[in-house]
Amino acid sequence: MNQTVWHHLKLCAQGDPRDTIEDAAIAVDNGKIAWLGAASALPAQFAQWPREDLGGAWVTPGLVDCHTHLVYGGQRADEFAQRLAGVSYEEIARNGGGIVSTVRATRAASEAELYAQSAARLEPLLAEGVTAVEIKSGYGLELAAERKMLRVARQLGERYPVTVRTTFLGAHALPPEFAGRADDYIDEVCERMLPALADEGLVDAVDVFCERIGFSIAQSERVFEAAARRNLPVKMHAEQLSNSGGAALAARYGALSSDHLEFLDEAGVVAMKAASSVAVLLPGAYYFIRETQLPPLELLRRYEVPIAISTDSNPGTSPTTSLLLMMNMATTLFRMTVPEVLQGVTQHAARALGDAERHGTLAEGRPADFAVWDVQSLAELAYWIGRPLCARVVRGGKTVFERRLNTI
C-alpha cells in the first residue's frame, strides 16, 4: 500500500487563488487523493500514515497545456532572422520556407529523430509543473507523416510522467502536392486520413484551421462531420486573423474549445457560451506575430465563457516551451487577472483538453497530480520571467520531478 500524508503546505485545490487553505494536508492512497483540507481537520484514520513535509510551500493542481504543436521536425530560427532583416513572409514562402519547410523537415525525420526533438521541447514544460498536455499533428499533411507525428505524441505520454491527449490537425494547411485543390485535400483528410488514424487509436480529438489562409467554413464543417461519424470531439483554430464565423460553427458541433479568437465577435461569444466551449487564448502567438487586435476579454467575461491559456508551442508563430511565461503575457498583453490566468492553466485548460474529470482540480477520488511551488504568493507564478519556480511535481502520489538547489 502506498499511503502518504502530504502536510505543512498551502493549498489551492481549484486553481483559484481566492480559494485557498493556509495550513493544509493531502492524504494520498495508492495514487489517489483520499482526503484534503485543513491540517487541523485531518481525520484520525490518516493520522498514522507516513508523512511528507512540504515546508509551507504552495500546492496547486498540475498545470495543463491544452494547445500545443510540440511534435515537428526542424526549426525556423533562420526564417525568423530573415523576417527581422526585412524579408517578407511571402518571399520566404516562395523560396520554400514557412510551414512548407516544417512539413518537409517533419516528413524527412525518422520516428526516433522526431521523438528526440519533441522530447526536448516537452521537458521544460514538465519542469514548470505541467502534468497534462495536448499535442496536435498537422505538419505531416499526408497519412504516413501524420501517423508518425501522432505515434510520437503517444510515445511521449508513455515514456514521460504526463498525460498526452492527441489531436488530429490534418486540416492545418494545404500541402504543396494539393496546391489549388483544397477541396480534394479535405476529401483526403475526411475519407482516408482521419478514418485510418482513428482506427489505429491515435486520435483523441479533431481540429481544423478555419481562416482565409487555412480552410473555409464549408471545408471546416466537412471535417467536423467526419469527426462526428467517429464520435470524436472537435476544436478549432478560429478568428485568429479575421472573423470568419468559425467559433460559431465549432459551437454548433459542441466543440471542446475555440482557440486564438482575436477577431471573435459577440455572436461567436454567445454561441460558445451556449455550447459550453472554452476560449483558449494564445498570447505567445499574439506576441510573436506582433498582433494588435486583442481578444474580446470583456465579452468573454460578460458571458462567463471559461478562458484557458496555452503555449501554442510551434515553430512558426510561438516557439515557446514555458507555460508560466504565457501566464505573464496573458496578464501584461491581455490584462487578465492572476485568478483568471491560474484557472486558465488548470481547471479551464482541463476542460479544453477534454479531461476535466482527471486534471485541473484536486479533490477526493482524483489522481494525486499536483505541483509544489517555491513562492510566497501565487501571484508570483504570473510575475517572474525566466525564474524556475516549480520545486516538485507529484504524479499519482509520487514525486516525478524535483528541483534541487545548488549549495556552496
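User: I'm looking at strand S14. Which residue in S14 is the bridge partner of Val372?

Analyst: Here's the general idea: strands of a sheet pair through backbone hydrogen bonds, either parallel or antiparallel. In this predicted model, Val372 has Arg392 in S14 as its bridge partner.

User: Is S14 mostly buried or exposed?

Analyst: Look at the residues one by one. Five of the six residues of S14 are buried, so the strand is largely enclosed by the rest of the structure.

User: Let me zoom out. In what order do the strands of that sheet come?

Analyst: Read across the sheet from one side to the other: S3-S2-S1-S4-S13-S14-S15. That's seven strands in an open sheet with mixed pairing. Strand S3 (32–38) and strand S15 (398–402) are the edges; each has a single partner strand, so one side of each is left without a neighbour in the sheet. On average, neighbouring strands here are turned by 35° against each other, direction ignored.

User: Which strands make up the four-strand sheet, and how do they pair?

Analyst: That open sheet runs S5-S6-S7-S8, and its pairing is parallel. S5 and strand S8 (205–208) sit at the edges, each pairing on one side only. Neighbouring strands in this one are turned by 20° against each other on average, direction ignored. For a closer look, take S7 and S8: three bridges join these parallel strands, and Phe168 stands opposite Val206 in S8.

User: Where does UniProt place the feature "binding site"?

Analyst: An unreviewed UniProt entry puts "binding site" at His67, His69, His237 and Asp312. These span 246 residues in sequence, yet no two of their C-alpha atoms are more than 12.3 Å apart, so they gather at one spot. His67 belongs to the loop between strand S5 (63–65) and helix H1 (77–84), and His67 is buried, with a relative accessible area of 0%. The unreviewed entry also lists Arg76, Tyr139, His172, Gln240 and Thr317 under "binding site".

User: Where is His172, and is it buried or exposed?

Analyst: His172 is in the loop between S7 and H6. With a relative accessible area of 10%, His172 is buried. Gly180 is found in the loop between strand S7 (163–171) and helix H6 (182–199) as well, but Gly180 counts as exposed, at 77% relative accessibility. If you want a sense of distance, Gly180 and Val400 are 49 Å apart in space, C-alpha to C-alpha, and 220 residues apart in sequence.

User: How do I read a pocket? What lines the second largest pocket?

Analyst: Rolling a probe the size of a water molecule over the atoms shows where empty space is left. The second largest pocket holds about 300 Å³ of space. It has 16 lining residues, and the closest to its centre are Glu304, Val305, Pro306, Ile307 and His348. Helix H11 (297–302), helix H13 (338–344) and helix H14 (347–353) are the elements that give two or more residues to the lining.

User: Which element gives the most to the lining of the second largest pocket?

Analyst: That's H13, with three residues. By residue type, the lining of this pocket divides into six nonpolar, four polar and six charged.

Technical notes: Residues are numbered from 1 along each chain as its sequence is written. This is a predicted model: local features need pLDDT of at least 70, side-chain atom pairs count only at pLDDT 80 or more; totals for chains, interfaces and linings use all residues. Side-chain values use heavy atoms; hydrogens and water are left out. Two strands pair if DSSP finds at least two bridges between them. Axes are lines fitted to C-alpha atoms, for helices over the stretch in contact, and angles run from 0 to 180 degrees between N-to-C directions. On a 1 Å grid over the protein atoms alone, a cavity is a set of points where a 1.4 Å probe fits but cannot get out, and a pocket is an open set with protein on both sides within 12 Å along at least five of seven lines; lining residues have an atom within 4 Å of a point. Grid points are joined across faces, edges and corners, and a volume is the space filled by probe spheres set on the points. Ala, Val, Leu, Ile, Met, Phe, Trp, Tyr, Cys and Pro count as nonpolar, Asp, Glu, Lys and Arg as charged, and the others, Gly among them, as polar. UniProt positions are given in the numbering used here, feature names are shortened, and annotations may be inferred rather than shown by experiment. Buried means under 20% relative accessible area, exposed over 50%, partly exposed in between (1.4 Å probe, protein chains only).
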